[in-house]
Amino acid sequence: MTSPTKAPPLYPKSHILAASGVAALLSLALLVFPSREVEAKKTYLNLELDSGAEYAELQDDAESANTQARQSPFANTAATETPEEQPTAQAVEPEQTDPLHHIVRVENGDTLSTVFAKVGLSATTLHAVLNSSKEAKQLTRLKVGQALEFKLSEDGQLESLHSKLSDLESIALAKNDKGFSFKRELVKPEVQTTYSHGVINSSLFLSAKRAGLSHSLTMDLANVFGYDIDFAMDIREGDEFELIYEKKVVNGKQVGTGNILSARFTNRGKTYTAVRYTNKQGNSSYYNANGESMRKAFIRTPVDFARISSRFSTGRRHPVLNKIRAHKGVDYAAPRGTPIKAAGDGRITLAGRHGGYGNAVIIQHGQRYRTLYAHMNGFAKGIRSGTNVKQGQIIGYIGTTGLSTGPHLHYEFQVNGVHVDPLSQKLPMADPIASSEKARFMQLSKPLMAQMDKEKSTMLALNNQR
Ligand SMILES: [Zn+2]
């Protein structure tokens, strides 16, 4: 029993791989079967792997977007670039029949001064514009392809200037009695919901792309299911996903996406559900359709990219003391300075020197669980006794303080005050929906699941007709 108030037992802390042939073999096995060790650890996808194929598709998109833009030349005079869509589909300039109305598209090497010259405006006018207000200087930040729309008076003087920076932002300048007034206009997009479905035949990324999902939305989808599905190892041909998500629309055009509201993922025949729910305190999280948390209360490994250098055991020879001692934790070898993350939400009961543990952090997670992190080089900012931490929050960095022979994390996990092997624990789920909010949750969850059922059957019926 280790409690933060008592002096710690002088446990073994460090294990040099070469010191034990058995340990070496164990570690080798870990390298060959990495997924076993990180089974319950949330997996994050690196979707960049498929970027070659993605690029080809993006170019196709760019082609079609250009075509569409050409069909309606008057629809949009400014560059139609968005944060979501890479292709800069540039609309064709409207025919300039009005001599007092000019649209100049910024070219390489242009400055505000050259642009002004193109419409016949003098350096004096430029000077007056730039000195009219602090904000007006924003006009000098030009991007190639940006459209500037000028309106001139009969005698060729500047009446107004307007430029769309994105689908969501425009800047405008207008002549007034004193000179010019500058205005920045932000468009609030309309939020709509949309359904999407895909079957995986090569990679999640390509299937998601085909289903019209952006890169970031695909990442969100993978992260929602990241505790249950290892997207690097578990994905099989025929796996299926569907989701309802928010889409941001301006003038009928999608300019971005918002949150995933609900999703289903069938992996190797097993279906997982997810519903986004914001509780009465305003915290949003994903739960399965029955209101159980999607995330585990603990992540399995508090250090990324570490190697297990010693496992939990009831008796082994301590490398420093050279005596048989139990090893009541797991050691992760990693370079000095590697971040250490809180395994779960909780309250720090100790952050400081702790005997043979060196710089240590102890976190109390609810009534039953406690985790301990030892030999740290130092603590992360704001980490001290009495503060609350979130799962995954960095609490400190790998070091070799205390009774230790090399940089590593000694990690202990206690259930009701008893040390257990964190690697063999079946990890508990995070808190489910509070019972007081269960009804409210189900009112949200049921219609979303029903909507996905309906959308999917409609889609399948359409496919069968073809
Ligand atoms: Zn240890």
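# Chat about a predicted model

Colleague: Where is Asn416 found?

Modeller: Asn416 sits in the loop between strand 22 and strand 23 (418-420). Helices (H or I, at least four residues) and strands (E, at least two) are DSSP runs, numbered from the N terminus. This is a predicted model, in which local features need pLDDT of at least 70 and side-chain atom pairs count only at pLDDT 80 or more, while totals for chains, interfaces and linings use all residues. Residues are numbered from 1 along each chain as its sequence is written, and side-chain values use heavy atoms, with hydrogens and water left out.

Colleague: What is phi of Asn416 near?

Modeller: Phi of Asn416 is near 50°, a positive value in a residue other than glycine. Most residues other than glycine have a negative phi. Arg268 also has a positive phi, near 50°, and belongs to the loop between strand 8 and strand 9 (270-278).

Colleague: What does Arg268 count as in terms of accessibility?

Modeller: Arg268 has 49% relative accessibility, so it counts as partly exposed. Buried means under 20% relative accessible area, exposed over 50%, and partly exposed in between (1.4 Å probe, protein chains only).

Colleague: Switching to packing. How many residues has the largest nonpolar core?

Modeller: The largest core has 29 residues, and those with the most contacts inside it include Tyr332, Ile340, Ile395 and Leu409. A nonpolar core is a set of buried Ala, Val, Leu, Ile, Met, Phe, Trp, Tyr and Cys residues joined through side-chain atoms within 4.5 Å. Strand 14 (330-333), strand 17 (359-365), strand 18 (369-376) and strand 22 each supply at least two of its residues. Strand 22 gives the most, with four.

Colleague: What is Ile395 in contact with?

Modeller: Setting aside neighbours within four places in sequence, Ile395 contacts residues including Ile340, Val361, Ile363, Tyr373 and Phe379. Contact means heavy atoms within 4.5 Å. Another core, of 22 residues, lies apart from the largest one; Ile229, Ile235, Leu243 and Tyr272 are among its members.

Colleague: Which strands form the open sheet of three?

Modeller: The order is 15-21-19, with antiparallel pairing. Strand 15 (339-341) and strand 19 (378-379) stand at the edges with a single partner strand each, so one side of each is left without a neighbour in the sheet. Strand 19 pairs with strand 21 (residues 394-397) over two bridges, and Phe379 stands opposite Gly396 there. Two strands pair if DSSP finds at least two bridges between them.

Colleague: How many bridges join strand 6 to strand 7?

Modeller: There are 10 between strand 6 (residues 190-199) and strand 7 (residues 240-250), which run antiparallel. Strand 7 is also joined to strand 8 (residues 253-267) by 10 bridges, again antiparallel. The hairpin of strand 7 and strand 8 has two residues between the strands, and Asn251 takes a positive phi near 50° in it.

Colleague: Last one, Ser284. Which side chains does its side chain make polar contacts with?

Modeller: The side chain of Arg276, at 3.3 Å, and that of Thr278, at 2.6 Å. A polar contact is a pair of N or O atoms within 3.5 Å; within protein, one must be able to donate a hydrogen and the other to accept it, and residues adjacent in sequence count only if both atoms are side-chain atoms. Ser284 lies in strand 10 (residues 284-287) and, at 36% relative accessibility, counts as partly exposed.
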